[in-house]
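Hi,

Here is the structure I promised to pass on. Please have a look at it first; my notes on what turned up follow below.

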Amino acid sequence: MKVKTFVANSVQEGMQLIKRELGPEAMIIHSRKVRQKGLLGFLAPPKVEITAAVVNGPNYPPAQAKVLPKQWENEISELKAMVAQLVSKQQKQEIQTDGIFASYLEKLQDRGVEAKVAEAVLLDIKREYGANDSLKEEVLDLIVQKKMKAYLPTEKLPPKARVVVFTGPTGVGKTTTLAKLAAHLSLYQNKQVGMITIDTYRIGAVEQLRTYAEITDIPIEVVMTPKDIETALEKLAGADIVLVDTAGRSANNSMQVKELATFINRLPQAEIFLVLSVTTKTEDLHLIVDKFRSIGYNRLIFTKLDETANFGAIINTTYATGLPVTYVTTGQSVPDDLEEADADKLVQLILKG
Ligand SMILES: Nc1nc2c(ncn2[C@@H]2O[C@H](COP(=O)(O)OP(=O)(O)O)[C@@H](O)[C@H]2O)c(=O)[nH]1
Ligand SMILES: [Mg+2]
């Protein structure tokens, strides 16, 4: 394990330094604001000191890591888990013993926010504002909202996006959301839209999208093997944007995800959505996030916001993946029930339902 302390001008800059030196696997162990010594230091803006650790640091060549005996691998992952647990325990104690923070911690957990996410938000606040009992609940409310946004990035689909893929478990609303977006792009933004459906399993899924395609007069190509992708893209060469639907038999089949990856790897510079339903339990969402990782998704869509009053799953997932939410959907109507994600709105939903 490699542990290193970094000093930077901002948290973002610090995270970049850590990623560059220790790699993406690095875990943050501790962070605090520091001032340099002397009058100049006092006048200058505070810096952030971040301590991070990594088990397989860049100094360990991957080849060596690969030949580790299975038993060592297990021990390393146990160690990793222990470090994470220790950090979380220490954070918990810091927050749990502090009156107003403790009650806020409970409030956030009641709203479906995982303990570690709620603790991270509250620790950020405690570090910045101190253990201050004079912080009124209404003031804390506002600060919490602002800090939660830091863990709930949102980002519009880049206007130049040309190929956009919808992946995710069965039944979350991929096809419906794709149809909504296709209609928005062609009706309201006057774009030439093309559709591809990668559906090697359920003939029904092809028909569903074909129906939408006919209604909206959008060309659709069905792809059965990875090499058909190029042909389909050539046929849709005239389109400004190509939306790609994917389907599988079940949500929990890793073989299917691997197979799907061979299709998606053939797409040039695609924006890849992982589509998730807010009605899915957070622990299942974590499994899905892991299962689909090999697809290389880079942004999130949350569906079925109309079906629950508990939205903690959204921030739990953005916290775990670091990826932005681009759209949310709020019902079955095509094309109406689609919205661009707005961090303020989502935080309000999480806090107030
Ligand atoms: N209530 C609700 N239902 C939705 C939403 N999005 C999709 N659905 C429904 O979820 C079901 C599965 O959708 P589908 O697009 O076929 O999912 P896919 O298997 O991921 O492609 C359909 O009945 C959709 O109408 C949403 O935002 N809210
Ligand atoms: Mg579908």
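Helices (H or I, at least four residues) and strands (E, at least two) are DSSP runs here, numbered from the N terminus.

Before going on, a word on the conventions: this is a predicted model, in which local features need pLDDT of at least 70 and side-chain atom pairs count only at pLDDT 80 or more, while totals for chains, interfaces and linings use all residues. Residues are numbered from 1 along each chain as its sequence is written, chains are lettered from A and ligands numbered from 1 in the order in which they are written, and side-chain values use heavy atoms, with hydrogens and water left out.

Buried means under 20% relative accessible area, exposed over 50%, and partly exposed in between (1.4 Å probe, protein chains only).

The ligand

Which element gives the most to the shell around ligand 1? It is α8, with three residues. There are 17 residues around the ligand, and Gly-171, Lys-174, Thr-176, Asp-306 and Thr-329 come nearest; a residue counts as near if one of its heavy atoms lies within 4 Å. The shell divides into two nonpolar, 10 polar and five charged residues. In that scheme Ala, Val, Leu, Ile, Met, Phe, Trp, Tyr, Cys and Pro are nonpolar, Asp, Glu, Lys and Arg are charged, and the others, Gly among them, are polar.

- a polar backbone atom of Gly-173, 3.0 Å from an oxygen atom of ligand 1
- a polar side-chain atom of Gln-208, 3.2 Å from an oxygen atom of ligand 1
- a polar side-chain atom of Asp-306, 2.8 Å from a nitrogen atom of ligand 1

Taken alone, ligand 1 exposes 580 Å², and the protein buries 84% of that (accessible areas by the Shrake-Rupley method, 1.4 Å probe).

The aromatic rings

The count comes to three aromatic pairs. Rings of Phe, Tyr and Trp (its six-membered ring) pair if their centres lie within 6.5 Å; planes under 30 degrees apart are stacked, over 60 edge-to-face, and the rest tilted. Phe-166 and Phe-273 make a tilted pair, 5.3 Å centre to centre with 55° between the planes. Phe-166 sits in strand β4 (residues 163–167) and Phe-273 in strand β8 (residues 271–277), 107 residues apart, and the pair links these distant parts of the chain. Phe-166 is buried, at a relative accessible area of 0%, and Phe-273 is buried with 0% too. Together with Tyr-327, Phe-166 and Phe-273 form one aromatic cluster.

Most residues other than glycine have a negative phi, and most peptide bonds are trans. Gln-269, however, has a positive phi near 35° and is exposed, with a relative accessible area of 80%. Lys-304 has a phi near 65° and is partly exposed at 25%. A cis peptide bond joins Val-334 and Pro-335, with omega about 5°; Pro-335 is in the loop between β10 (325–329) and β11 (338–340).

Methods. Polar contact = N/O pair within 3.5 Å; in protein donor to acceptor, adjacent residues only side chain to side chain.
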